[in-house]
Amino acid sequence: MDRELLHTIAKDYNGNPIHINNAIKGIKYFCPGCNDEFVLRKSGKTGKGSRRAHFAHKNLTPNCTTEGYLHSSFKILLLDRISSSLKNKLPIDIYWDCIYCKKEHHTNMLIGVCSVEKEYDMKTCRPDIALLNEKGFIAIVIEIIVSHYPEDNALSFYRTNNIPLINITLNPLDPIKELENIDAKIRRPTSVDFLSKMTCPSYRPYLAQRQRPRLFLRFDPMEAARRKVAWERRRFRF
Ligand SMILES: [Zn+2]
Ligand SMILES: [Zn+2]
């Protein structure tokens, strides 16, 4: 890992995210990416030459990547945000450009949601975060993308089962800024699919369009002549 990365997020013994500003001396913190112990670096000095307070790996050669750290840190921050909104019955409003009607939609993504799970085992796949309704069924899945896109089999599973998918892409070149921007990142996810089935006036027409047989997609004179002959033969049978 880049030795200069000044980690601002750690997790405590319970797996909860802790921002460097809330870290307390004497308590153990761990790296969300590799689970190694972190040490607190608060110089106390200010002004020129002093570095911002941060967490650093206790092990000088950690088996940790910036991508892994960013992915896991964002995931525990998002999980924490969703859990506390659910507990306090607060909405989380999201906005996105619809792929069906090309207009902007918005919704509270916690409508009908009762609980949140990390790496929920769906047999075929394991989304980063799953929102469940009161019956324990999946309401929404959230994928956090740093360097790996969700597997194709996961995407087709979501699509076949009409499971709304929210993708949030993070830039590994600026991990600290991405982690500070969590509210904006949730408010405007990178892409949203199938949530449109609740909100989009074009979604049902789109589905109907997709399911209609495409007989005259391309005009083929040979095919048209063959059809005409077949049709006339059929007509003469009556
Ligand atoms: Zn680490
Ligand atoms: Zn739409």
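User: In this predicted model, which residues of α1 are buried?

Analyst: The model is predicted. A residue counts as buried if 20 or more other C-beta atoms lie within 10 Å of its own. By that criterion the buried residues of α1 are Tyr69, Leu70, His71, Ser72, Ser73, Phe74, Leu77, Leu78 and Ile82.

User: How many Å does helix α1 reach from its first C-alpha to its last?

Analyst: Helix α1 spans residues 66-87 and has 22 residues. At 1.5 Å a residue the expected reach is 32 Å, and the modelled value is close to that. From its first C-alpha to its last, α1 reaches 31 Å.

User: Which element supplies the largest share of the largest nonpolar core?

Analyst: The largest nonpolar core has 37 residues, and Phe74 is among those that touch the most other members, together with Ala10, Ile140, Val141 and Ile142. Elements that each supply at least two residues of this core are β1, α1, β9, β10 and β11. The largest share, 6 residues, comes from α1.

User: Which residues does Phe74 touch, not counting residues up to four places away in sequence?

Analyst: Phe74 is one of the buried residues of α1. Contact here requires C-beta atoms within 7 Å. With residues up to four places away in sequence left out, Phe74 touches Ile144, Leu170, Glu178, Leu179 and Ile182.

User: Which residue stands opposite Val39 in β5?

Analyst: Strand β4 (residues 37-41) runs antiparallel to β5 (residues 54-57), and 4 bridges join the two. In β5, the residue opposite Val39 is Ala56.

Conventions
Residues numbered from 1 in each chain as written. Chains lettered and ligands numbered in written order. Predicted model: local features only at pLDDT ≥ 70, side-chain atom pairs only at ≥ 80, totals over all residues. Pairing = 2+ DSSP bridges. Expected span 1.5 Å × (residues − 1). Buried ≥ 20, exposed ≤ 12 C-beta atoms within 10 Å, placed from the backbone. Core = buried A, V, L, I, M, F, W, Y, C linked by C-beta atoms within 7 Å. Contact = placed C-beta atoms within 7 Å.
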